[in-house]
Amino acid sequence: NAVVAAVAVGKGPNQIEVSADGTHVLVTLNGDGSLAVVDTATRTVVQRIPVGRGPHIAIRSSDGKAIYVTCEGDMKLVTVSALTLKVVGETPLFAWPRVPAVTPDGKRVYQTIRWLNGVLVIDPFKQQVIDRVSLGETTFASEGKDAHGIAVTPDGTQLWLSTQTTNDVTIIDTNDHRVIGHVSVGRDPNWIEFTPDGRLAVGSNTGDNSVSVVDVAIQKVVAT
């Protein structure tokens, strides 16, 4: 375990995504409003794509043909073509975006935003918000940090959403957006992701420096 190279990418790097073919790493540069494209073979920045103010998260579409980038300053979700490395569209969110998640069939993007304990539902092809799922607030989040971490199960049937103010994960049916379960986790849950086989969900808890491992089938924490 050793650092083999360091690549200067630009001001305020925040998060990375890897292209479907592995040839590029894409880095959101929160400090200069662009997405840096790093060639994985040469380990150099080969392009910077202007996307808007405060780019935060970049994620790949399910088919690998697009990269979705959240821009906090412009309150939008930007679509970048993975083929041409150019902006091909954007979706106004009218709110400060946090974390997006894409369904396996690519037909929906779920997006958490500040001051909403829930998610926006986005049609990435129409490039518009088509629905909102609100879970309600039991505690006011002074900085708007309600829902944050979000992930869709590999089979596409469930959306898991971590809420920082309630220290739990809400499980939502992606077909009709009904709440079908809750799991209490650690303090201030932040990110959540699934193992490739969908058996386990793993979430980070920033408030107590722990990780919760959840059995998806029984909706229960099995390790911390």
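# Pockets and sheets: a chat

User: Hi! Which residues lie nearest the centre of the largest pocket, and how many line it?
Analyst: The largest pocket is lined by 27 residues, and those nearest its centre are Ile-59, Ala-101, Val-102, Val-152 and Glu-193. This is a predicted model, where local features need pLDDT of at least 70, side-chain atom pairs count only at pLDDT 80 or more, and totals for chains, interfaces and linings use all residues. Residues are numbered from 1 along each chain as its sequence is written, and side-chain values use heavy atoms, with hydrogens and water left out.

User: What counts as a pocket?
Analyst: On a 1 Å grid over the protein atoms alone, a pocket is an open set of points where a 1.4 Å probe fits, with protein on both sides within 12 Å along at least five of seven lines; lining residues have an atom within 4 Å of a point.

User: What volume does the largest pocket have?
Analyst: About 640 Å³, where a volume is the space filled by probe spheres set on the grid points, which are joined across faces, edges and corners.

User: And how much space lies in the second largest pocket?
Analyst: About 160 Å³. Of its 13 lining residues, Ser-61, Asp-63, Ala-66, Tyr-68 and Phe-125 are the closest to the centre.

User: How many bridges join strand 15 and strand 16?
Analyst: Strand 15 (residues 168–173) pairs with strand 16 over five bridges, in the antiparallel sense. Val-169 stands opposite Val-183 in strand 16.

User: Now Gln-111: buried or exposed?
Analyst: Gln-111 counts as buried because its relative accessibility is 0%; buried means under 20% relative accessible area, exposed over 50%, partly exposed in between (1.4 Å probe, protein chains only). Gln-111 lies in strand 10 (residues 109–113).

User: Which backbone oxygen lies 3.5 Å from its side chain, I mean that of Gln-111?
Analyst: The backbone oxygen of Val-99 is 3.5 Å from a polar atom of the Gln-111 side chain.

Definitions and conventions
Pairing = 2+ DSSP bridges. Helix = DSSP H or I, 4+ residues; strand = E, 2+ residues; numbered from the N terminus. Polar contact = N/O pair within 3.5 Å; in protein donor to acceptor, adjacent residues only side chain to side chain.
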